[in-house]
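This report covers helix packing and aromatic pairing. Please look over the model first.

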Amino acid sequence: MHPMVKPALRRGWRDLNTVQFGMTPAHAMTLGPMDTATGSFLELLNGTRGLALLREEGGRMDLPDGHVDALVRRLARAGLLDDARGGGPDADALRKKKEALDRLSPDLASLSLVTSEPGGASRILAARRSLRVQVRGAGRVGAALAGLLSGAGVGEVDVRDGGRVEPWDVAPGGLPADAVGARRDEAARRVARRAAPGRPARRGPQSPPGEGSPGHSLVIIAPRDDVAVHAPDASVAAPLMASGTPHLYAGVVEGTGVVGPLVLPGETACAGCLHENRTDQDPAWPRLVAQWCSGKPRQVRPCDLALAATVAGLAAAHALAFLDGHAPSSAGARWEVSLPGLHWHARPLWAHPACPCGAAEKGKGEHTSEDGESHETMAEQQPSEEFRRQAHTARLAGTWRAHV
């Protein structure tokens with residue numbers, strides 16, 4: 001282990017004996033009492049020395065025997081310590097790809113803030129390279145979303161859509177102007193490949209459209225059709241439900257952006273539950289949906305550029321949180337934001353007993369954001385229970401959350 005105080009956390013002294021790590025309420029932690037010699041020793045915890053060398057340095061600074069090990073344990077249990085060489089073989093392989101790691105260094109620093117285990121951030125970032133994600137829809141939202149996921153280190157990002165790129169599909173961060181006239185799916189895949197840090201992973205055989213996409217860690221449904229965003233068709237996701245593939249909805253309808261729900265088949269509410277719940281609340285709902293779907297299609301649908309970028313960014317963040325082993329708040333809810341006020345709000349989505357997905361039988365909100373529990377992903381990336389206990393209930397005396 002090469003201990004390193006997490007460099008993502010700004011450090012400041014509250015007084016002569018108390019040091020604060022981090023600035024924001026979500027991450028700030030104070031440590032004390034801290035003597036002058038120990039405060040100086042913190043500068044040596046920068047990932048360049050192993051424990052044996054750190055003990056020697058501590059001896060030269062006249063620190064008591066065992067003090068260095070106790071300090072390292074204390075910082076680790078408080079979630080303030082990282083391991084510059086941790087994360088396992090996959091992380092070691094990523095560290096050898098300097099160009100890719102340089103691109104991903106801000107993401108690595110950010111991951112260190114939400115992982116307690118030393119070396120956990122490197123492990124999660126390296127694990128992203130083995131994941132396969134499919135984005136269904138290559139409009140202003142879907143294409144940008146594909147680029148964001150690929151740029152964040154997801155190893156394979158496939159995009160599915162039909163038709164050819166139109167001028168109104170073009171967006172900064174998404175489909176470029178020179179893609180007009182090209183096939184939408186191929187153009188969006190190029191966006192993802194160009195965003196990938198380092199050399200993209202070799203793509204495996206593609207499954208035909210409409211199949212259950214076995215092997216995908218997540219499928220994101222980001223249709224260009226505004227009706228499909230507002231009233232997602234459960235039959236479209238039926239193969240995903242059958243194969244147990246997690247899927248997330250995102251898109252823009254009229255002047256409203258939508259992210260969610262994240263569907264864990266058989267566990268959280270799905271598109272069928274959404275339809276049943278809305279029918280219970282409004283008996284005219286099925287009639288309206290039928291009219292919207294059968295109406296004359298519009299060539300150009302409203303899709304505000306900045307709103308589409310906002311939706312793509314939030315959807316990517318929720319997707320990455322799930323892929324990294326957490327339960328984002330879109331599991332069991334739809335986040336919505338409307339122009340011009342732009343106030344985000346969550347609409348809870350409950351599993352419906354009449355829906356054949358079976359989620360209603362799983363109990364009350366096991367996977368919603370309120371419980372804060374992690375879930376297993378296909379990459380089995382969730383933090384160990386030991387480190388969750390250490391991070392939340394077993395902090396040593398002298399460390400506490402700062403009130404900022």
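Axes are lines fitted to C-alpha atoms, for helices over the stretch in contact, and angles run from 0 to 180 degrees between N-to-C directions. Helices are DSSP runs (H or I, at least four residues), numbered from the N terminus. The model is predicted: local features need pLDDT of at least 70, side-chain atom pairs need 80 or more, and totals for chains, interfaces and linings use all residues. Residues are numbered from 1 along each chain as its sequence is written, and side-chain values use heavy atoms, without hydrogens or water.

| Helix pair | Axis angle | Axis distance |
|---|---|---|
| α7 (residues 140-151) and α8 (residues 184-195) | about 25 degrees | 7 Å |
| α5 (residues 98-113) and α6 (residues 120-128) | roughly 130 degrees | within 8 Å |

α7 and α8 are therefore roughly parallel. Angles under 35 degrees count as roughly parallel, over 145 as roughly antiparallel, 65 to 115 as roughly perpendicular and the rest as oblique. In α7, Ala143, Ala146, Gly147, Ser150 and Gly151 meet Ala188, Val191, Ala192 and Ala195 of α8. Contact means heavy atoms within 4.5 Å.

α5 and α6 are oblique. Their contact joins Leu104, Asp107, Leu108, Leu111 and Ser112 of α5 to Ala121, Ser122, Ile124, Leu125 and Arg128 of α6.

A search of the whole structure finds 1 aromatic pair (ring centres within 6.5 Å, using the six-membered ring of Trp). Trp285 and Trp292 are edge-to-face (planes over 60 degrees apart; under 30 is stacked, the rest tilted). Their centres lie 5.7 Å apart, with 80 degrees between the planes.

Definitions and conventions
Helix = DSSP H or I, 4+ residues; strand = E, 2+ residues; numbered from the N terminus.
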